[in-house]
Amino acid sequence: DHMDLATLRRLRERDDPRFVVPLKNAGYLRDGAGASAVELDWWDEQALSDEARVTLVPARHWSSRRLGDAYRALWGGFVLHLPGGAVYFAGDTGYGDGAHFREARRRLGPFRLALLPIGAYEPRWFMRPQHMNPGEAVQAFADLEVRDALAIHFGTFQLTDEAIDAPPTALAEALATSDIEPGRFRALGNGEAWDL
């Protein structure tokens, strides 16, 4: 989500991947990383191969890449439609009223796996519109009616006021309160794998 152009440039040079981005983001990749990209609006779909495709789904966040360009590019998450089942990737998003999760489930579900953010949420008065806390991530899990979920967007950088190790603890508490088996929504450590 932070579009690190140096990393994107290295990926382009090494792998020549196909970039799929929300509307008004392709120019940043072209100008900053020398990469071409397919732009999608919410609910647009792009084939990736004969067996895989991707759909851009709504997310609640703001966009800004330079001074003075706030809200001029679309923000979103992705659903990967794969032979083994659909995977929902929320990206950075606030929970809001949860309607964007329920609509994604209605239109594109069921989902085999959801990748849901659980970090960078304090102070709530400021972060609520763009970042879910672990309790809201558990509510999104329920809204999506997903089989399993993987926590993302936590534990790498100290971005906001909560302790860097607070999100997994808060996630465990929210799962216990919601009566959801902890093994269904995991917060893996760096380098840890989960074989689904």
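Me: What makes a pair of side chains a salt bridge here?
Reply: A side-chain nitrogen of Lys or Arg has to sit within 4 Å of a carboxyl oxygen of Asp or Glu. By that rule the count comes to 11 salt bridges. Bear in mind that this is a predicted model, where local features need pLDDT of at least 70, side-chain atom pairs count only at pLDDT 80 or more, and totals for chains, interfaces and linings use all residues. Residues are numbered from 1 along each chain as its sequence is written, and side-chain values use heavy atoms, with hydrogens and water left out.

Me: Why are glutamate 103 and arginine 106 called a salt bridge?
Reply: Their N to O distance is 2.7 Å, and the rule asks for within 4 Å, so the pair qualifies. Both residues lie in helix α3, three residues apart, about one turn of the helix. Helices here are DSSP runs (H or I, at least four residues), as are strands (E, at least two), and they're numbered from the N terminus. Glu103 and Arg106 are also linked with Arg107 in a network of salt bridges.

Me: How do you know whether arginine 106 is buried or exposed?
Reply: You look at relative accessible area: buried means under 20%, exposed over 50%, and partly exposed in between (1.4 Å probe, protein chains only). Arginine 106 has 60%, so it counts as exposed. Glutamate 103 has 23%, so that one is partly exposed.

Me: What makes arginine 124 and glutamate 136 a salt bridge?
Reply: Their side chains meet at 2.6 Å, N to O. Arginine 124 lies in helix α4 and glutamate 136 in helix α5, so the pair ties together parts that are 12 residues apart in sequence.

Me: And why is each of them, arginine 124 and glutamate 136, called buried?
Reply: Arginine 124 has a relative accessible area of 12%, so it goes down as buried. Glutamate 136, with 13%, is buried too.

Me: What makes alanine 120 stand out?
Reply: Alanine 120 has a positive phi of about 60° although it isn't a glycine. Most residues other than glycine have a negative phi. Alanine 120 is found in the loop between β7 and α4, and at 6% relative accessibility it counts as buried.

Me: Which peptide bond at proline 123 is cis, and how do you know?
Reply: The one joining glutamate 122 and proline 123, where omega is about 0°. Proline 123 also lies in the loop between β7 and α4 (124–127).
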